[in-house]
Amino acid sequence: MTMQDKDQQIIDSATSELNNSVDNISAQDLSAITRARHQALELAQASAGKTKKDFSWMFIPAGAIVTACLVVVVYSFMQVTPVATEGQSLGQVKQAQEDQAHEKQGLVSTFEGLDLYEDPEINEELDFYEWLDAYESSS
Amino acid sequence: MFLSGVEKRAFRLAEISTGNRDDALDILQEAMCKLVDKYASRKPEEWGPLFHTILQRMIVDWYRRNAVRERFRGWFGRHNSYQHVGESEDPIQNAKDEYGKTPEQEMHSGRRVAMLDSVIRDLPLRQQQAFLLRTLEGYDVKRTAQIMKCSDGSVKTHYSRAVHVLREKLGDEWL
């Protein structure tokens, strides 16, 4: 008999003995194993329930944050667009809108003016154009 | 149910590895808890390897704890109180219900299993794991390597060495 045959014989015998030992687990041990399984399942269920509770508790601050954000967004829109309120005619509202538009334009032009007339290169160009006009008209 | 299908073999595996029935039950319960708690949402075909990975990790932890305990006992000059299954308990309660076997057969069978358990328990942990996962659980080399977190080659080496030791220690009489 070769070593390989002997090894295979050992493996087969050991496998068979181990399988038999599983089949022959005592009633006392079987009952303890079943109890262990039930306890494991109960513990897992309990911890799952606890996790659910924790999540539900966390919905309250999350909801409050979302509501606060919505309020801020809505309020900022209300500031930009004038809306007819009690005691205000539509004409007054339009006037207010136009005033607001003019104010914005004024601001833009002021900014544009600042940009435009503070740039030295542009100023040089304008001087050149003025000189060119004067030269052409004199000639 | 998956757990009821694997629990007996898993118990035997833990019992052989630890040599202690109560510790084996604790390890089994903890492994079941962890599987249900963390991996219940995984695919059912993954449960087997996952469960055995958890079980093996628990057994390794048990070995670590036990090694520390033994070191402390050594320092305080106590004898090794490592107990084999059922040694401290009532032998009548622990007697196996093997209806239909003669007392001689029963004793012979019990002795063979006890010898095998003892030799497997004395193997280095990695050889023990490879041998039990291949023979008791019937996993192939690839799955065993996945559970043991090592290469296929390592599993083959550990398994081959384990078989060699078993052949040496059990001898022809056991066969």
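**A kinked helix and the contact between two chains**

Helix α8 of chain B has a kink of about 50°, centred on B:Glu168; the bend at a residue is the angle between axes fitted to the seven residues ending there and the seven starting there. Helices (H or I, at least four residues) and strands (E, at least two) are DSSP runs, numbered from the N terminus. The structure is a predicted model, in which local features need pLDDT of at least 70 and side-chain atom pairs count only at pLDDT 80 or more, while totals for chains, interfaces and linings use all residues. Residues are numbered from 1 along each chain as its sequence is written, and chains are lettered from A and ligands numbered from 1 in the order in which they are written.

Helix α8(B) covers residues 152–174 and includes B:Arg167. Its buried residues are B:Val155, B:His158, B:Tyr159, B:Ala162, B:Val163 and B:Leu166. A residue is called buried if 20 or more other C-beta atoms lie within 10 Å of its own, exposed if 12 or fewer, and partly exposed in between, with C-beta atoms placed from the backbone. B:Arg167 counts as partly exposed because it has 18 C-beta neighbours inside 10 Å. Setting aside neighbours within four places in sequence, B:Arg167 is in contact with A:Lys6, A:Asp7 and A:Ile10; two residues are in contact if their C-beta atoms, placed from the backbone, lie within 7 Å.

What of the rest of chain B? Its secondary structure amounts to 8 helices and 0 strands. Of its 175 residues, 31% are buried. Among its contacts between residues at least 6 apart in sequence, 60% join residues at least 24 apart.

Helix α3(B), residues 44–75, has 32 residues that should span 46 Å at 1.5 Å a residue, and its end C-alpha atoms are 47 Å apart, which agrees; the expected span is 1.5 Å times one less than the number of residues. Buried residues of α3(B) include B:Phe51, B:Ile54 and B:Leu55. The buried residues of this helix pack against α1 (2–18), α2 (21–39), α6 (125–135) and α7 (141–148) of chain B.

Beyond neighbours within four places in sequence, B:Leu28 is in contact with residues of both chains, among them A:Ile33, A:Ala36 and B:Ala14.

Between the chains, 28 residues of chain A are in contact with 30 residues of chain B. On the side of chain A that touches chain B, α1 and α2 (27–80) of chain A each supply at least two residues, and α2(A) gives the most, with 13 residues.
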